[in-house]
Amino acid sequence: MSVDAATVKRVAHLARIALPEGDVAKMQAEINAMLGFVEQLNEVNVDGVEPMTSVMPMAMKKRADVVNDGEIAAQIVKNAPQSEDDYFMVPKVVE
Amino acid sequence: MTLSTAARHDRLNHMTDLTILTLTEARDGLRAKAFSATELAKAHIAAVEDARLLNAYVLETPEIALKQAAASDAKLAKGEGGALEGLPLGIKDLYCTAGTRTTACSNILGNFVPTYESTVTGQLWRDGAVMLGKLNNDEFAMGSSNETSCFGNVINPWRREGSNMDVGSAGIEGTYLVPGGSSGGSSSAVAANLCLAATATDTGGSIRQPAAFTGTVGIKPTYGRCSRWGIVAFASSLDQAGPIGKSVRDCAVMLRSMSGHDPKDTTSVDIAVPDYEKAIGRSVRGMKIGIPKEYRIVGMPAEIEKLWQDGINWLKAAGAEIVNISLPHTKYALPAYYIVAPAEASSNLARYDGVRYGLREQGRDIADMYEKTRAAGFGREVKRRIMIGTYVLSAGYYDAYYLRAQKVRTLIKKDFEDIFAAGVHAILTPATPSAAFGIGEKGSADPVEMYLNDIFTVTVNMAGLPGIAVPAGRDRQGLPLALQLIGRPFDEETLFALSEVIEQAAGRFPIPSRWWA
């Protein structure tokens, strides 16, 4: 399988990465080189094989459903590019 | 030269010499009060300043080091102190350090200063270690040569024989060599004696390949052995922390401090951490060592073949039994990795959106702000991997790529399980297909050329197993080459015992000269 320029632009948008028109061809070539490389996986018979979900077998650990953290709003917004009153500030979303 | 200058030089030489000690030699020297933690820290701080050409450190923290060293001296004077008391380390910039800038060597994190400490580094400070600074790496650990860092390339302290690049541009005959990646700052710093040991991380070979390229030792423990909490995530089902050190023993001591259960990481395993140093010197007599035929790749250089045979001979001489084995799905590990790892990365890196931390580029609306921020903040390699990951997870392609790759991963793991069930204790392979190459020599036209560096290491991540790279020989250019040992899950002790046999036979690989200083 290989991707065309329109697919590259669609994927860039899905990934939320602005891709200038001039960069599309190079990205397309690189992605197609990768897709060509992984094509050999089609040789493998995977009939009846379970996909891996956990590389080391272990039961999911659980903890009590209690509040054990919090009251650290100032720490959480400390690195924000823009914040106000412990809120993250973003461009207007709803008109 | 006046007397006072001569005295100062003597003192500098004495202090610089402290940097050539191994971690465990320095530990023993501190306990014997042969020198102080402050002297040890000062010697390393001076060495780091003299080696800025190598670009191993992206942030030097001498004031933190001296403060920690003073605290260690106070403890040592009272006969107290932890397993790493007073020992100066370098920290890969993927580990969050409270109050100290952490960037993953990406512009998108900008001047991110964590308000929390990664579990692993927290355990190092608990045990008394001293932080010299943050080490360079490939951006978000994506790379095999440390050429994707936003702070620029790291230089390998090893040079090809006959190279005279230290005399400046007029005398350049070759080019600087890469230190491997993604933990290239860690490997370069340890090899150049800019720290006694370093933390690193390994997603597809990022501890073992840079260790192999620099004559240092690096171990990726079993998945779940070290907590991933507070380490910038790349591919969560593959990422593991581990050390790079100057000797097998140093890595054993480091790994013990780095390991252990952490309630904050649900994939960290709640089993006891052995005293790995006790495995050093343990007999390997009667152990079954598998030699997988699939690792004998077409076009393998004769010097790698010889290295492998040397390793076989050394382990045999120590009483191990060598058996030929087959791991039939080996060749599919790298292509499966290049689906699984980008898929997980595309998900993990979705958090860098210009809202909560790091870089923000203004946009006409919020989506435009996201797209411009991510376009400006991520480097080329990272963008490509996010794009591939997004594509293989997108509607209509998920089954063909991601699901199939995860099924192949099951088969890769089963290959190993079958071999271990048949009584094999560990597997011996070369660590890399070649010695260190020059900066700019690989991957500029086709990314796959660079990815092939990890062909021997990536299977281990796919199966979650422990793997160690230990230097064992040199190529015809005089550069170090390494062997890899792969172990059963959570049996790092066997890897340390076997690696020690190789280190005893091959010797350590200290850097021949401090040409940069």
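Mentor: Let's start with chain A by itself. A compact globule of 95 residues would have a radius of gyration near 12 Å, but chain A has 22 Å; that radius is taken over C-alpha atoms, and the globule rule is 2.2 Å times the number of residues to the power 0.38. Keep in mind that this is a predicted model, where local features need pLDDT of at least 70 and side-chain atom pairs count only at pLDDT 80 or more, while totals for chains, interfaces and linings use all residues. As for names, residues are numbered from 1 along each chain as its sequence is written, and chains are lettered from A and ligands numbered from 1 in the order in which they are written.

Along its principal axes, the C-alpha trace of chain A spans about 55 × 45 × 25 Å. Its secondary structure comes to 3 helices and 2 strands, in the order α-α-α-β-β from the N terminus on. Helices (H or I, at least four residues) and strands (E, at least two) are DSSP runs, numbered from the N terminus.

Now for the partner. In chain B, 60% of the 517 residues are buried, and there are 16 helices and 11 strands. A compact globule with 517 residues would have a radius of gyration near 24 Å, and the 22 Å of chain B agrees with that.

So where do the two chains meet? The contact takes 37 residues from chain A and 54 residues from chain B; two residues are in contact if their C-beta atoms, placed from the backbone, lie within 7 Å. On the chain A side, α1 (5–14) and α2 (21–38) each supply at least two residues, and α2(A) gives the largest share, 7 residues. That side divides into 29 nonpolar, 3 polar and 5 charged residues. Here Ala, Val, Leu, Ile, Met, Phe, Trp, Tyr, Cys and Pro count as nonpolar, Asp, Glu, Lys and Arg as charged, and the others, Gly among them, as polar.

Terms used: Buried ≥ 20, exposed ≤ 12 C-beta atoms within 10 Å, placed from the backbone.
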